[in-house]
Amino acid sequence: MNAPNPNSFRNQPDERGHFGQFGGRYVAETLMPLILDLEKEYKAAKDDPSFREEFEDLLEHYVGRPSPLYFAPRLTEELGGAQVWFKRDELNHTGAHKINNCIGQILLAIRMGKTRIIAETGAGQHGVATATVAARFGLPCVVYMGATDVERQQPNVFRMKLLGAEVIPVESGARTLKDAMNEALRDWVANVHDTFYIIGTAAGPHPYPELVRDFQSVIGREAREQMLARTGKLPDLLVAAIGGGSNAIGLFHPFLDDADVKMLGVEAAGHGLDKQHAASLAGGRPGILHGNKTYLLQDEDGQIAEAHSISAGLDYPGIGPEHSWLKEIGRVDYTSVTDDEALQAFQLLCRTEGIIPALEPSHAIAAVRKVAPTMGKDEIILANLCGRGDKDIFTVADALGVKL
Amino acid sequence: MSRLANAFSKGRPALVTFVTAGDPTPDATPAILDALVEGGADVIELGMPFTDPMADGPAIQAANLRSLAAGTRTADILRIATDFRARHPEVPLVLMGYANPMTIRGPEWFAAECARAGVDGVICVDIPPEEDPELGPALRSAGIALIRLATPTTDAKRLPTVLQDTSGFLYYVSVAGITGKQQAALGSIEDAVARLKSATELPVAVGFGVRTPDQASAIAKVADGVVVGSALVEMVAEWGPDAAGPVREATRALADAVHSAKEIGQQ
Ligand SMILES: Cc1ncc(COP(=O)(O)O)c(C=O)c1O
């Protein structure tokens, strides 16, 4: 066995669930025993070959993994610099990376004997993925969704209902993702005895950031193998969009100790960093919300600000704690792109590659568009195409002034 | 004897009352706090509003948002506390709220401000013992009690962790859930309080879902104190800037019920 490398970037969090100063377990006492139990069960599951086998079997035959690694020739040519490759997680069952995590968590729920599933959702992608696995395993499912998001994501609301989930519109606050998460936490404290909360991103109290990352790391593990097999080398730059950070950490984590691989996380700059946005690393400060310490958009008193992004999946004033740590130690670079830049990138990918991306990865593509021309033609960019755009065509039509 | 210890040593159960600071406005809060004292409350819990009160039910959520909409800042809350201390030198005052507003300027800053304002204790909903370093040491070295919550899910194995470094009193949250209307069965409360009291010398106050004098009296028979929050906050919602009168009357009825529920032997 290899001795653990003390200089590894891949050995976080510590025993208490901290990534440097970030992460932790900032929850009400009612939830604490359950969180500790979950941690114990997750450790046991990780060491249980039958758990891994079932997870991998479902990823292969139900989700459709491995997802392809795709070289984008016309986009590469148009940008005139580095070769652009995509990890095609938008081809997964339910159309995004979210399902990877949901499969893992529902297997944990079953292992723990829980009989009821709850989730929060913004765009509805995580809600759909949760409703999907709940249907697959025959468990009742309640999804909390901000009333504003219910209005702007009607197709996903209907999908969740078709899948048998109950969708509860949340009327508090700005009626978006943050409020949905508050309401899911309220449900959870009242139903700890039988309920498993499937959190949709690599955030929340320990052990969620760790377990969501581990389940999503299938993205980076596959991509690393596929890239080596296809090109004989590792990519020079990884790019991924960041809401809570689950698709990004899933791609990045397996590469963190590859010193020559640079990484770029892309936050949503909304109307612009000087206006309303959702870029918590660029415009926020460390604070405590939803069970973890991390960068948050907030005022001097620690009151949380409302985020804005055209992409409902990025419209959140926080970020997973591991990203806050990776930013502070400088291993990953973070940037942000505006609604308008994301919309242009969305259209660029449709036109050059015949792929309609979700608005979330459109942020990553917008960043690729800026950096690719500054890199050499022998260099490789690998971007995470973590969701497809079917859910977004109404939003995009609206933004482009087209009436459907 | 500290103000908090004193409040639980009057030979009868204590009434602990909660309202949100700045609801409906920062200027209206002092009169409401005075009404609680005049009505006979033994301990005042002053809620620090937060944008995301995830452990609270609809009534206190709405109070948080009303307060923030009225422009309440942390500085206003500290001023309200300071003025309260000047008017009521003997009545214990506890700040209750969420981690982020309490820690955002650093725990030492918050602890120093609490001490300066004459605050006796702090209840922080989302800092469990596991994250105590975030707030506890600073408060304790400033002489402020960190009052922890025990809940129906806090089992015997975990209880010592919760009790460690807790002072002032122990707050038993009688339902696994959020603040509001849900009530626990009296039998389960009695068992829980007995379990807690066998593990600690601290007084045990029971809260969550206590609304009427009858309920308060029944709980006071088995505990050292009773906490009433949402029912009073709803009166503030109904009466707005004119809430002091109705709050005083409601507090008096609750205090009479709690104080006469039983005698507690002096220690
Ligand atoms: C396709 C897609 N990508 C990205 C995100 C953002 O989440 P995360 O940062 O956790 O990947 C979402 C969230 O709904 C999404 O649906």
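## Strand 7 of chain B and its neighbours

Strand 6 (residues 149-150) of chain B pairs with strand 7 of chain B in the parallel sense, over 2 bridges. This is a predicted model. B:Ala150 has B:Tyr172 as its bridge partner in strand 7. Strand 7 of chain B is also joined to strand 8 (residues 204-207) of chain B. These two run parallel, with 4 bridges. Here B:Leu170 is partnered by B:Val204.

Strand 7 (residues 170-173) of chain B is covered on both faces. B:Leu170 and B:Tyr172 are buried on one side, B:Tyr171 and B:Val173 on the other.

## Salt bridges within a chain

The whole structure holds 49 salt bridges over all chains. In one of them, A:Asp315 meets A:Arg152, with the closest N and O atoms 2.8 Å apart. The pair links distant parts of the chain, 163 residues apart. A:Asp315 sits in the loop between strand 12 and helix 13 of chain A, and A:Arg152 in helix 6. A:Asp315 is buried at 5% relative accessible area. A:Arg152 is partly exposed at 28%.

In chain B, the side chains of B:Asp42 and B:Arg12 form a salt bridge (3.2 Å, N to O). B:Asp42 lies in the loop between helix 2 and strand 2, and B:Arg12 in the loop between helix 1 and strand 1, so the pair ties together parts 30 residues apart in sequence. B:Asp42 is buried, at 3%. B:Arg12 is partly exposed, at 21%.

A network of salt bridges links A:Asp299, A:Glu300 and A:Asp301 with B:Arg73 and B:Arg105.

Methods: Residues are numbered from 1 along each chain as its sequence is written. Chains are lettered from A and ligands numbered from 1 in the order in which they are written. This is a predicted model: local features need pLDDT of at least 70, side-chain atom pairs count only at pLDDT 80 or more; totals for chains, interfaces and linings use all residues. Side-chain values use heavy atoms; hydrogens and water are left out. Buried means under 20% relative accessible area, exposed over 50%, partly exposed in between (1.4 Å probe, protein chains only). Two strands pair if DSSP finds at least two bridges between them. A salt bridge is a side-chain nitrogen of Lys or Arg within 4 Å of a carboxyl oxygen of Asp or Glu.
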